[in-house]
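Q: Could you walk me through a few features of this model, one at a time?

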Amino acid sequence: MREIVVSGIRSTGNLHLGNYYGALRNFVKMQYENDCYFFIADLHSLTTHPDPKMLPVNVKNILAEYLAAGLDPEVCSLFIQSDLPEVSELYLLLNMHAYIGELERTASFKDKVRKQPENVNAGLLTYPTLMAADIIIHKATKVPVGKDQEQHLEMTRRFARRFNTLYGVEYFPEPTSYNFGEESVKIPGLDGSGKMGKSEGNCIYLIDDEKTLRKKVMRAVTDEGPQTPNAPQSQPIENLFTIMKIVSSPDTYNYFEEKYNNCEIRYGDMKKQLAEDILQVTTPIRERIAEIKSDEAYLRRVVAQGAEKARENAAKTIAEVKQIMGIHYF
Ligand code: TYM
């Protein structure tokens, strides 16, 4: 069945391995068989007050990275979030039915309150309603995202359901996450702790050159090695195996797992192999990024065309939503 697919990535910096495996790789796979709308979430990035000089640089970089990873602008709609003002309008309307309590309980909001207590703005609080607007403005049914976005998607479903119930309509579908039958992906960081993320400073970027990438992987946190056969893995080691499972072949993964279980593992060898396998994925993308980025006229054309396609849907949805809500007077 042809699905309507929507997804985005914030424009807070270059794309990393988590973005690639959690989202971008699936965008590429989905584009041919579905109606896809992929965008750069520049409005969401405003919640952390980016430097106005850096925002255009980041948006262009991410656009080039999307294209280098294989998104085909002739097939999917590739655009910048702020080029669709209808999204901001739907965001405002959805906020009327989003409650402070549920917004305050969102894990990403609580996390930001902890991390940037000096900047707890209303945009952060209503981040999930903007994300819901991005998705339901196209009446999407599938949203390719990593595990960390599942709560936001659950809230999107709740907002869609609430709208339908309140106005007695069957208007918005309830979108679900999509990962090609696999479990949602969470790429951990190399610092032995949580997920790979820009604000965590523990990323392998798609644009990292060979030397930088090898250095980062070789420096990944490990432990003193297993002391007994089949010992449970410490968090840093489990993280390395998690990345290896996603990036390397099953044979490679099984080889190192067996070495670990026999207490014969040499983490240096494992990391060398891991760096090699990551480079297999990132090198061709990195090589294309520079080339694509140099053609500014092409980038401009891509997003203009993408926004035009996306706005057809968006304008129709906004007109219908306003009709449903009674915002039509003369
Ligand atoms: P963002 O920019 O934090 O991440 C973009 C995508 O990358 C995935 N991702 C990961 N997946 C696995 N492991 C990781 N370590 C990892 N880090 C990031 C995320 O799950 C996401 O799919 N709110 C969104 C952007 C957004 C959006 C939307 C997404 C705005 N509107 C509408 C989908 C639909 C965000 O901040 O993602």
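Q: Let's start with Tyr-21: is it buried or exposed?
A: Some ground rules come along with that one. This is a predicted model, where local features need pLDDT of at least 70, side-chain atom pairs count only at pLDDT 80 or more, and totals for chains, interfaces and linings use all residues. Residues are numbered from 1 along each chain as its sequence is written, and side-chain values use heavy atoms, with hydrogens and water left out. Buried means under 20% relative accessible area, exposed over 50%, and partly exposed in between (1.4 Å probe, protein chains only). Tyr-21 has a relative accessible area of 4%, so it is buried.

Q: How many aromatic pairs are there, and which kind do Tyr-20 and Tyr-21 form?
A: Rings of Phe, Tyr and Trp (its six-membered ring) pair if their centres lie within 6.5 Å; planes under 30 degrees apart are stacked, over 60 edge-to-face, and the rest tilted. The structure holds 11 such pairs. In one of them, Tyr-20 and Tyr-21 sit edge-to-face, 5.0 Å centre to centre with 85 degrees between the planes. Tyr-20 is buried too, because its relative accessibility is 11%.

Q: Why is the pair of Tyr-255 and Phe-256 edge-to-face?
A: Because their planes are at 90 degrees, with the ring centres 5.0 Å apart. Tyr-255 is partly exposed at 46%, while Phe-256 is buried at 7%.

Q: Which residues do ring pairs link into a cluster?
A: Phe-163, Tyr-167, Tyr-171 and Phe-172.

Q: At what angle do helix 4 and helix 8 cross?
A: Helices (H or I, at least four residues) are DSSP runs numbered from the N terminus. Axes are lines fitted to C-alpha atoms, for helices over the stretch in contact, and angles run from 0 to 180 degrees between N-to-C directions. Helix 4 (residues 85–95) and helix 8 (residues 127–136) have axes that come within 8 Å and cross at roughly 125 degrees. That makes helix 4 oblique to helix 8; angles under 35 degrees count as roughly parallel, over 145 as roughly antiparallel, 65 to 115 as roughly perpendicular and the rest as oblique.

Q: What is Ile-237 in contact with, beyond its neighbours in sequence?
A: Contact means heavy atoms within 4.5 Å. Leaving aside neighbours within four places in sequence, Ile-237 touches Thr-222, Asp-223, Tyr-260 and Tyr-267. Its C-alpha atom is 7.2 Å from that of Asp-223, 14 residues apart along the chain. Ile-237 lies in helix 11 (residues 235–247) and is buried, at 0% relative accessible area.

Note on methods
Helix = DSSP H or I, 4+ residues; strand = E, 2+ residues; numbered from the N terminus.
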